[in-house]
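Good morning, and thank you for making time for this.

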Amino acid sequence: MNQLIKTWLAQHAQAFFFSLGQYAKNPVNNILTTIVIGISLAFPAGFYVFLSNAQIVSSGWDNAVEINIFLETTIDEQQATDFANQISKRNDIADIILIKKDKALAEYKKLSGFTNVLDVLDENPFPNVILVKPTYKYFDESKTKHLVEELRVMPEVDNIQYDGKWINRLAKIIDIVKLVIFILSTLLAIAVLLIVGNTIRLSIYSYRHEIEITKLFGGTDSFIQRPFLYSGLWYGIFGGLIAWILVSASMQILSGPVNNLSILYASNFQLTGLGLVNTFCLFGFAILLGLLGSWIAVKRHLRSVEPK
Amino acid sequence: MIQFTNVFMTYPSGNKALQNINLNIDKGEMVYISGRSGAGKSTLLKLINLIDRHTRGQIIVKGQNLERIKNNRIPIFRRNIGFIFQNHRLLNDRTIFDNVALPLVISGSSHQEVKRRVQAALDKVDLLSKINNCPMELSGGEQQRVGVARAVVHRPAVLLADEPTGNLDPALSWDMMKLFEQFNQVGVTVLIASHELDMIKHMNKRIIILNGGRILAMGDNNKKFISH
């Protein structure tokens, strides 16, 4: 048993290094193929990074979703405080800020410069206002509508304003972009499978003579297919590496201009790259595609090579 | 060791390559199969090595009924057989060592075992000095001897050779046949397909003559040929 495992490991090691040697033997063709695979993988990876950054930016806007409740002018400050305490107990409300009518008037005087005009008025025209932050993180139109409808019917409430439509539109646009990216990524993944599959098919064809000899001397299908599967692995690893380099270089190039832009909008937003987990995912996905492409080609074409 | 009983082989094209072949080859025997081109010599060897499957009859090799060997078991079966081709079919991008080592690597022999047996096999065919050369650096006769070393390195029970002297001059052909005899003397069953009847008549071994896919005659130099 021990000997069997040793033999199995030795044959794997041999196929592993043999396939690497074959890769190095024909560098121009293999590097060109790997670059094509790398570019094909870089697109979905780049789209993913773009989407992640877009979501980081839009999540800041989502958190800005607020519902403004204008209370009846007849409601005094104590009643407003009681009402604010009452609605703050709701599960769908995360936080409330009560802006009392006197404070609102004082701020308006300060900002507008109409102090004299406002002093003429008999009573404070401003209502008490409650700013409500919902508990859900991202804007959800149906939940927001439901909350607004429930608040609107309360006797203390005069009017409610919220502007979530543009955020909703943005969310819908991001959903469409996600779908487009998914479709493109799927198509590019299929392209990688076809590239690897076709390369392995040509490789099987060029090793036809050797495969025939190996079969004649008792080589099993698994023995013969092993170097081709490892070739797929190498295409995956090197293709993933090229994709990672392309995405990282693009991020490096873009980070300066994006930082400058975010400074103009008084934001401290910075581009986020692939990160460690996503880098592992990229390599894992690339290796999976490489192995799958070569496995399909091997299963399809190896049986057609028989000793004559 | 090898038994053919009423064996027929018809190719999908309808070509009847072998018809009603009956023969028995004992363990350790050396047999020549002769006949003109298209007589069925190569087909007979291909059936033994399961390169082709017979269409009727029964073939038993080393106690195994070939009909019952499933496709996925063919590689294991072939490890009992050494095969030599007319055009030697060596891997030109590998060294002589790698070429000869192939059957041992396939069967999973240890590195030391591979090294030891390859050296022994090359020594037997007088090519140990060429162990690190590539096939293209060798003459036709030397390449054929590498093919022989590769065929015997894993100590097969049966050695099949299809026109092994087809590309060699008479002197080299004679040496090659003598080499086969040496392997036969250590117990290997040897089957050689050759159209060079004049030469093989002098080998004092059983000769089977095929014609049109049938056994025309069987015998050796000492006994009279028996017509079938």
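I will start with the interface between the two chains and then turn to a few individual residues.

Please keep in mind throughout that what you see is a predicted model. Where chain B meets chain A, 22 residues of chain B are in contact with 19 residues of chain A. The size of an interface is often given as the accessible area lost when the parts come together. Between chain B and chain A that buried area is about 1900 Å², and carbon and sulfur atoms give 59% of it. On the chain B side, the residues that lose the most area to chain A are Arg78(B), Arg89(B) and Ile106(B), which together make up 30% of what that side buries.

Which elements of chain B give two or more residues to the side that touches chain A? They are helix 2 (74-78), helix 3 (96-106) and helix 5 (140-152) of chain B, and the largest share, 4 residues, comes from helix 3. As for a salt bridge in detail, Asp93(B) forms one with Lys25(A), with the closest N and O atoms 4.0 Å apart.

Now to the backbone of chain B. Most residues other than glycine have a negative phi. Leu50(B), however, has a positive phi, near 60 degrees, and is found in the loop between helix 1 (41-48) and strand 4 (56-61) of chain B. Is Leu50(B) buried or exposed? Its relative accessible area is 5%, so Leu50(B) counts as buried. Glu163(B) also has a positive phi, near 50 degrees, in the loop between strand 7 (158-162) and helix 6 (170-185) of chain B, and Glu163(B) is buried as well, with a relative accessible area of 8%.

Finally, a residue in chain A. Ile97(A) lies in strand 2 (residues 93-99) of chain A, and counts as partly exposed because its relative accessibility is 42%. Beyond its neighbours within four places in sequence, Ile97(A) is in contact with Val129(A), Ile130(A) and Leu131(A). The C-alpha atoms of Ile97(A) and Lys133(A) are separated by 8.7 Å, although these residues are 36 residues apart along the chain.

How values were computed:
Residues numbered from 1 in each chain as written. Chains lettered and ligands numbered in written order. Predicted model: local features only at pLDDT ≥ 70, side-chain atom pairs only at ≥ 80, totals over all residues. Heavy atoms only, no water. Contact = heavy atoms within 4.5 Å. Buried area = accessible area lost by both parts, 1.4 Å probe. Salt bridge = Lys/Arg side-chain N within 4 Å of Asp/Glu carboxyl O. Buried < 20%, exposed > 50% of the residue type's maximum accessible area, 1.4 Å probe, protein only.
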